[in-house]
Amino acid sequence: MTNKLKYFIGNWKMFGDFNDFKIIKRINEFSYKSRNSINQKKIIFCVPATLINHYKKKNKKKYIYLGAQNCHDQSDYGPYTGYISPAMLKKAGAEYVILGHSENRLTGESNKLIKKKIISSLNKKLNVIFCIGETMKEKKRKKTFSVIKKQIQDTLKKNFNINKIIIAYEPVWSIGSNKIPKIDELKNIILYIKKEVKKIFKSKENPKVLYGGSVNDKNIRLFSPIIEIDGFLIGNASRSSKKFIDIVKNYYK
Ligand code: PGA
């Protein structure tokens, strides 16, 4: 068992209504009850923007944190029908926001746009969960490292507060597919990401890098030997309190 802080972040995507607070409630209780046995964990739930404020008000004794899944690149008001600004998310009660998720990149989000979103979110004192990762086609062409490097270099700038940014390595081909990377390959990629990010920030301290993509209660043990992984971004399995809690429990077993 490791003593390093590990993140377990749920990404609900387009799931959830007011009644599903029961999932958050159960996980919050688990987080509280295991606070001594597993004290080096941080649980965050990135829920749809429609639920943040409602959950925030109900989640009074908080042992888990709330986040959003995307935002506009303008930090405050703007004439952008249908969009939500970082300021609005912050006011609703979000402390984190996922940016650069491949499902958003697929709709045309560029590194340039994601960079703007990071700047606006940091300005509004949101913590950023910044997603990067290669497609299957890029992997097959052995482009994983160059793709990741470009995503990092085009987006992260040395004046950003890296302490407010968590990087999530999510190979596009692993999301929702039940496929996970080979463990030794994954370890090398995580180390590479840390090295590239440290170069930008000229820091000795390691940035936080998570893995995401088809993480579940069965395969989580496979990741435990890679101590360099600072946690997990969990989609599908975060919609069930039992599955999510089992992921955390099994990780520390
Ligand atoms: P998944 O999603 O766990 O369902 O693969 C992960 C994500 O998209 O963040």
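Predicted model: local features only at pLDDT ≥ 70, side-chain atom pairs only at ≥ 80, totals over all residues.
Before selecting anything, note the ground rules: residues are numbered from 1 along each chain as its sequence is written, and side-chain values use heavy atoms, without hydrogens or water. Local features need pLDDT of at least 70, and side-chain atom pairs count only at pLDDT 80 or more, while totals for chains, interfaces and linings use all residues.

**Whole chain.** Show the C-alpha trace. It spans about 50 × 45 × 35 Å along its principal axes. Switch to cartoon: there are ten helices and eight strands (DSSP runs; helices are H or I with at least four residues, strands E with at least two).

**Ligand shell.** You get 13 residues; Lys13, His101, Glu170, Gly176 and Ser214 are the closest. Colour the shell by class: three are nonpolar, eight polar and two charged; Gly counts as polar here.

**Polar contacts.** Look for N or O pairs within 3.5 Å. Start at His101: a side-chain N or O atom is 2.7 Å from a ligand oxygen. Move to Gly235, where a polar backbone atom is 2.9 Å from a ligand oxygen. Next, a backbone N or O atom of Asn236 also lies 2.9 Å from a ligand oxygen. Finally, show the surface: the protein covers 98% of the ligand's own 280 Å² of accessible area (Shrake-Rupley method, 1.4 Å probe).

Terms used: Near = heavy atom within 4 Å. Polar contact = N/O pair within 3.5 Å; in protein donor to acceptor, adjacent residues only side chain to side chain.
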